[in-house]
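Let's take a short walk through this protein together.

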Amino acid sequence: MTTAFDAVVLAGGAARRLGGADKPGVRVGGRTLLDRVLAACSGARRTVVVGAPRPTARPVGWTREEPIGTGPVAALAAGVTALGATGSGDPGTLLVLSADLPFLGEGTVLRLLAALDAGPGAEGALLVDGEGREQPLVAVYRATALRRELDGLRQARGELDHLPLRALVGGLRLVRVPVGAEEPAASFDCDTWEDIATARARIRDHGSVLDEWITAVKTELGIDLDVDTGVLLDLARDAAHGVARPAAPLTTFLVGYAAAKAAQSGAAPAEAVAEASRKAAALALRWEAEQADQAGRTEPAGQTGQAGQGEPAGQAKQDDKNEAG
């Protein structure tokens, strides 16, 4: 069973290295950086974003550090306070993320949660990138330990403004989790326009572009549905090859429409897509087989309809009629 957790996403900051641009709103692969991070933590019970409110792909809570722009520790404290103010219970675990991680996925989040649970006495688990750098803003923490450290800093310093994150997490018992082979770029963050360009180029790699595109389309259309894209691609191929090239997109559209109708009648959406795809693929194969059969039955050019050497085609047809009568 997956550990229950809440999430705090830090989406403030001046983004000076981006010329003051609205970094969480910058799009990579058609989705904002913030929406990409929110997708990675979609399993959270509650999510609070510390930053200026804006439209997002899924509902979240909003708060700001006071004064605005006083650094990550103050921002994190504001997020923790906002979660406590909701009064809906404390799951005991907080996922803390920055809003500029285009390649962070749910798999890394689950690995962090598992490492925290497995670590005896651990108060946090943070990601370590390929060069050995610790990522305190890609981490999970015990909520009580995080609050203890925040209270300690307030008592020692009087305020949390402009403190480095190491001042907060340095006193925690942490588990270090190396970046995984399944998400090797999970720690990649976007601080400069060069980073943004690198991220945009990476998602267009042949091995990932289709998954990125499908995810972006589903987000844009508000579709929460996992389907076997291989089945749909096979269907498109069969329709294009066995019928005509324009049949591919039209057929997949009709499959989606049929699946939606089936879902309205109570069928599971993913199963409805699979069943409609199966039927349409079988039809495309029958269509192709029929064409192949017809081509095999066609007589060589110049012989079709001939009843005898040199006999006019019209005369042959008339003789056939007479014999039939």
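Before we set off, keep in mind that this is a predicted model. Is Thr108 buried or exposed? Its relative accessibility is 1%, so Thr108 counts as buried, because buried means under 20% relative accessible area. Looking beyond the neighbours within four places in sequence, you will find Thr108 in contact with Leu127, Glu183 and Ala186.

Next, move along to helix H4, made up of residues 143-157, where Glu149 has its place. Glu149 has a relative accessible area of 18%. The cut-off for buried is under 20%, so Glu149 is buried. Which residues does Glu149 touch, if those up to four places away in sequence are not counted? They are Leu168, Gly171 and Leu172.

Now let's turn to the open spaces. The largest pocket has a volume of about 1200 Å³, and 34 residues line it. To find its centre, look for Arg31, Ala39, Ala40, Thr215 and Thr219, the lining residues that lie nearest to that point. Two or more lining residues are given by each of helix H1 (33-40) and helix H7 (209-221). Of these, H7 provides the largest share of the lining, with six residues.

What classes of residue line the largest pocket? Its lining has 13 nonpolar and 13 charged residues, along with eight polar ones.

Technical notes
Residues numbered from 1 in each chain as written. Predicted model: local features only at pLDDT ≥ 70, side-chain atom pairs only at ≥ 80, totals over all residues. Heavy atoms only, no water. Helix = DSSP H or I, 4+ residues; strand = E, 2+ residues; numbered from the N terminus. Buried < 20%, exposed > 50% of the residue type's maximum accessible area, 1.4 Å probe, protein only. Contact = heavy atoms within 4.5 Å. 1 Å grid on protein atoms, 1.4 Å probe; cavity = no way out; pocket = protein on both sides within 12 Å on 5 of 7 lines; lining within 4 Å. Points joined across faces, edges and corners; volume = space filled by probe spheres on them. Nonpolar A, V, L, I, M, F, W, Y, C, P; charged D, E, K, R; others polar.
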